[in-house]
Amino acid sequence: MASATLFALFLFSALTFYPPSTTAQPVTDGNGNIVKNGGIFYILPARIGAPGGGIRALKTDNESIPLSVVQSPFKGDIGLPIIISSPIRTEFLPEGQVTLSFEHTNREWTVVEGLPEGTLVKVQGYPHTVPGTFVIKKAEAETNRYKLSFCKGVFCGNVAVVRNENWVLAVTQDEPYVFHLEQVLPTSAKHEQSRTFSLY
């Protein structure tokens, strides 16, 4: 009976957690916890003393709705919740190709060329988007710091912050925006956490 139970548990774990590739490393949050594929996160600057806050959508130029992906210039602003998913069917989020979208709109991020400020990261709804994929990878070995690239075929550029009037995210050959992920807790978990750590 015990051996049958152990075998069932082994089979369940193998079916649930078997990685699609031995090279697919799981992405971790700022505390080192492996994060869920399709989870909801804040993207925050990882380096100590780095300027600005989290990532959010903003109306720029002649946009009628917020279509530009920007970094908030305000240190205390954690930005908007972002869904990050991999096409690889795993429970955890692996390094590699990802799609990103703001939770409140569910519009995926994309890239637009030929704008006055360069090649910029936008959300769906903007014309003349570039076919390609976003890729998440560690910015530095043995850390929980990450960077994004955008690849069009075999050519990739870093997703960096252009600190102009709007702090827009752009695809360039400059140093990438280095960030860590903070998992967004469900409302019930947030309530429980505040109740547990309350001093009153």
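Is N166 buried or exposed in this model? N166 is buried, with a relative accessibility of 18%, where buried means under 20% relative accessible area, exposed means over 50% and partly exposed lies in between (1.4 Å probe, protein chains only). The structure is a predicted model, in which local features need pLDDT of at least 70 and side-chain atom pairs count only at pLDDT 80 or more, while totals for chains, interfaces and linings use all residues. Residues are numbered from 1 along each chain as its sequence is written, and side-chain values use heavy atoms, with hydrogens and water left out.

## Overall architecture

The protein has 2 helices and 12 strands, taken as DSSP runs (helices H or I of at least four residues, strands E of at least two) and numbered from the N terminus. Along the sequence these elements follow the pattern α-β-β-β-β-β-β-β-β-β-β-β-β-α. Of the 200 residues in the protein, 41% are buried. Among contacts with a separation of 6 or more, 53% are between residues 24 or more positions apart, a contact being heavy atoms within 4.5 Å.

Two strands are said to pair if DSSP finds at least two bridges between them. Strand β4 (residues 82-85) pairs in the antiparallel sense with strand β1 (residues 39-45) over 3 bridges, and in this pairing I40 stands opposite I83 of β4. Strand β4 also pairs in the antiparallel sense with strand β5 (residues 96-102), over 4 bridges, with T99 of β5 as the bridge partner of S85.

Strands β10 and β11 run antiparallel and are joined by 5 bridges, and A160 stands opposite A170 in β11. Their hairpin has 5 residues between the strands, and W167 takes a positive phi near 55 degrees there. The loop between β10 and β11 is also the place of N166; leaving aside neighbours within four places in sequence, N166 is in contact with L58, T60, V70 and Q71.

V162, which is found in strand β10, is partly exposed, with a relative accessible area of 27%. Not counting residues up to four places away in sequence, V162 touches W167, V168 and A170. V162 and Q71 are 91 residues apart in sequence, and their C-alpha atoms are 9.1 Å apart in space.

In β11, 5 of the 5 residues are buried, so this strand is largely enclosed by the rest of the structure. In a regular strand the side chains alternate between the two faces of the sheet. In β11, V168, A170 and T172 point one way while L169 and V171 point the other way, and all are buried.

## The disulfide

The structure holds 1 disulfide, defined as a pair of cysteine sulfur atoms within 2.5 Å. The bond joins C151 and C156, whose sulfur atoms are 2.0 Å apart. The torsion about the S-S bond of C151 and C156 is about 110 degrees, so the disulfide is right-handed.

## Pocket and cavity

Both kinds of space are found on a 1 Å grid over the protein atoms alone: a cavity is a set of points where a 1.4 Å probe fits but cannot get out, a pocket is an open set with protein on both sides within 12 Å along at least five of seven lines, and lining residues have an atom within 4 Å of a point. Grid points are joined across faces, edges and corners, and a volume is the space filled by probe spheres set on the points.

| Space | Volume | Lining residues by class |
|---|---|---|
| Largest pocket | about 160 Å³ | 6 nonpolar, 4 polar, 2 charged |
| Largest cavity | about 40 Å³ | 8 nonpolar, no polar, no charged |

In these classes Ala, Val, Leu, Ile, Met, Phe, Trp, Tyr, Cys and Pro count as nonpolar, Asp, Glu, Lys and Arg as charged, and the others, Gly among them, as polar.The lining of the largest pocket includes C156, V171 and T172, together with E113 and K152. Strands β6 (109-115), β9 (146-152), β10 (155-162) and β11 (168-172) each supply at least two residues of this lining, and the largest share, 3 residues, comes from β10.

The structure holds 1 cavity of 30 Å³ or more. The largest cavity is lined by I43, I55, W109, L148, V159, L169, Y177 and F179.
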